[in-house]
Amino acid sequence: MDCVTPILDVATRLWTCTAKRIVYIRRLPRNLKILRTAMEELRSVYEDVIERVESEEKLQKKRTRAVEGWIRSVEAMEKEIKEILEEGDEEVQNKCLGTCCPRDSYASYKLGKRVSRKIRAVAALRSKANHFHEVTVPLPSPPVIERPLEKTVGLDSPFLEVWRWLQDEQVRTIGIYGMGGVGKTALLKKINNKFLQPSHDFDVVIWVVVSKPTNLQRVHETLRNKLEIPDGRWKNRSEDEKAAEIFAVLKTKKFVLLLDDIWEPLDLLKVGIPLSTFGNMSKIVFTTRSADVCRDMEAQKSIKVECLAWEEALTLFWAKVGEDTLNSHPDILKLSEIVVGECKGLPLALIIIGRAMAGARTPEDWEKKIKMLKNYPAKFPGMGDSLFPVLAFSYDSLPDEAVKSCFLYCSLFPEDYEISPQHLIELWLGEGFLDEYDGIQEARNQGEEIIERLKDVCLLENGRSQKQEYLKMHDVIRDMALWLASENGKKKNKIVVKDQVGLIRAHEVEKWNETQRISLWESRIEELREPPCFPNIETFSASGKCVKSFPSGFFAYMPIIRVLDLSNNYDLIELPVEIGNLVNLQYLNLSRTSIENIPVELKNLKNLKYLILDNMNSLQPLPSQMLSVLSSLQLFSMFNSPYKGDHRTLLEDLEQLEYINDISIDLTTVFSAQALFNSHKLQSSTRRLRLFNCKSLNLVQLSPYIEMLHISFCHAFKDVHISLEKEVLHSKFPRHGHCLYHLCHVNISWCSKLLNLTWLIYAPNLKFLSIDDCLSLEEVVEIEKSEVSELELNFDLFSRLISLTLINLPKLRSICRWRQSFPSLREITVLGCPRIRKLPFDSDTGTSKNLEKIIGEQEWWDGLEWEDKTIMHSLTPYFRTTQSSKRLEFPFIPLQDRHISRFPRYISRFLQAPFGHMDI
């Protein structure tokens, strides 16, 4: 028995050892499956952690060391398990055929043991991920944070001075002062960003905006965030305790403290700045508008930031305007210098105004904005509220209620309607939106400026013609405007706009008793059972050819109406007598109607300021002394309306009006023309003048305020004299430069004794020039260039001309005697002018972005002489024969077909064309 016991013990041990190994071998397939599943689950957890880490890293954080180590462990584990699984799958497949025994039991045992251990290791890694409450921590603040800064102009000198002081061990505190908008903050940013370069030994650069009023709590919070003072040492602490915490951190560092926009002395000790330890060479730099603050802050060095010198100011302004705008017209560069002069070198003004001017591509735009900048700087685009920041692209950002009202008013026009800017501005005038300006011309200029402003912020856009003569409102913007006008939709009938609805029923009209503005387009109102009551109506507009008459008593009760526009109703033949009840009416437009008689009751309209009677071909003489009693009248327009009464009586009535300063009129006799020329008041008020059939009139006197001139069938007409402040000057020898500065449209036809129009050299803003059937005309401008130089003209002749039309001028030899660039020219037409052998174009004309076409006979074009063939080659692509072009530019207004027959053949040909065009 003594021998048997040891043998049994050895056998037991061998069996136990063998059994354990057999378990690893037998369970290998199952454990491989468990390991694969566990690894897949760990992989999912790993991906969740990675996604969370990457998301938080985007928020300026970094992963913790524990998470980073875990991620590396999982990645290493995944690689190992992949190898084990591949080896295990191979081992399982390689068992003895038809048995469960492995080929190599020892190798299979070792593999099974490894699999078992990895199952436990994977479980441990997965369990560890459950304890990751935070996977990232905030990044430490960098020593210097870069400040956004555009390229600076004119700051190099003060920057170098301040930087030199920062290198000086004796200088601790530096003050930068100067007026608002001069560039102090830009200089401080430039200094801050210089510290981004590693060539300094400061531990931290701190930027703090102080502003007005000084808020010590905000300053403390900025410093705390930069210095990363923990919550436990900050929350629920007093100001003094917070200052002590800041002090405790800063006294161990070499720092630069940049304080921007200080308005009053800042107690640095209350902030927590360790002044007593400045032996560590720390620095403080601050900006302020006051030199007194520099002294009170005990700045050892201070520097005043001056406005920019002339060349620097030009550079900054031109950079903001942009090359495209500056190069869009030769005159703009000179005009830009005027604007820069107005800014007096102030950088912020140069930047804001430069950006506002970036969209002004014509000299006229620049001149209007310059005038506004000089006279009404607070109204200049971008100048409101702290040097008037550039307008944002929304209604709420418009600078004042007047501009907002002007914008909302545009919604009274139908969808896709192309709005005449002149008509729109006149309506604004009638509404009183521009009353703060002195005189109609100032108000017109402001109206034009408002239009440009609304276009700049995308609330208005150019019409489809793309020639900028018309405006339109995007449909969605118009909808928004109507919603705003109705107080966010709360008052549905506050504004009523009806377009092409046909007949408007009486029951709908009854709902308008609270309406403020009514606008009807190609719509008419049915007969009403009783006169309506409109106690709140301020504007009534009915346009679009549908209105033949109004219901009885329709205008009987409109006690506060200011604007009544009935234009374009060709079938309207009678104006109701109750018009005399509208005692608060300021604007009345009856243009392009067939009204024959103006009711005598119109005399009651003592507040009427704007009376427009254009293109009224059926109009009979006005009631005696009707105009003279309209004591408030400022604008009277009867243009293209063949008046059947005595023009002299009409002119006498106008002259009696105290406030009249804008007249548009047709005159058909020499006596009436002389009556106009002999009245300084009437001449200076006349804006549009049409002289027709004044056969013996040989001399026309013009005032500097004339804008449009039409002369036709005045066979004796030879020359123009210019009247300046009751002084008559012959056009050939003026003592003033641009005598006809406002003249834009000139049309001369059938003036058989006219030899030239040299006086046009005094019209620098001439845009449209049309001459036809002047059989004696030899030259448009007769003098040499040397003579023009003596006149000291600032701009080239015809530099603003858009359209030039020359028709049936058999003796015409020359347009002018020297070559011009014609930078604004879009279209030139030459027909029936066989003696014109040269065109006054230089090499720049063909490269103009504006030129669209040159119209003429092919034979004439082929016979032209060219001193420079390159000019011919550059212009040839624009040439169109008369057969290929159907329309020419003409500044005429359409009349009804049935009235055309009253005029001679050529006038009929002109008037049948749409406004601004003529059929060939």
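Strand 17 (residues 662–667) and strand 18 (residues 686–692) pair in the parallel sense over 5 bridges, strands being DSSP runs of E of at least two residues and helices DSSP runs of H or I of at least four, both numbered from the N terminus. Pairing requires at least two DSSP bridges between two strands. The bridge partner of Ile663 in strand 18 is Thr686. The model is predicted, with local features needing pLDDT of at least 70 and side-chain atom pairs pLDDT 80 or more, while totals for chains, interfaces and linings use all residues. Residues are numbered from 1 along each chain as its sequence is written, and side-chain values use heavy atoms, without hydrogens and water.

Strand 18 also pairs with strand 20 (residues 708–712), again in the parallel sense over 5 bridges. In this pairing, Arg690 stands opposite His710 of strand 20. Because 7 of the 7 residues of strand 18 are buried, the strand is largely enclosed by the rest of the structure. Buried denotes under 20% relative accessible area, exposed over 50% and partly exposed in between, with a 1.4 Å probe and protein chains only.

Leu582 lies in the loop between strand 13 (563–565) and strand 14 (587–589). Leu582 counts as buried because its relative accessibility is 0%. Contacts of Leu582 (heavy atoms within 4.5 Å) comprise Phe555, Met558, Ile561, Leu564 and Leu605, leaving aside residues up to four places away in sequence. The C-alpha atoms of Leu582 and Glu601 are 9.9 Å apart, with the two residues separated by 19 residues along the chain.
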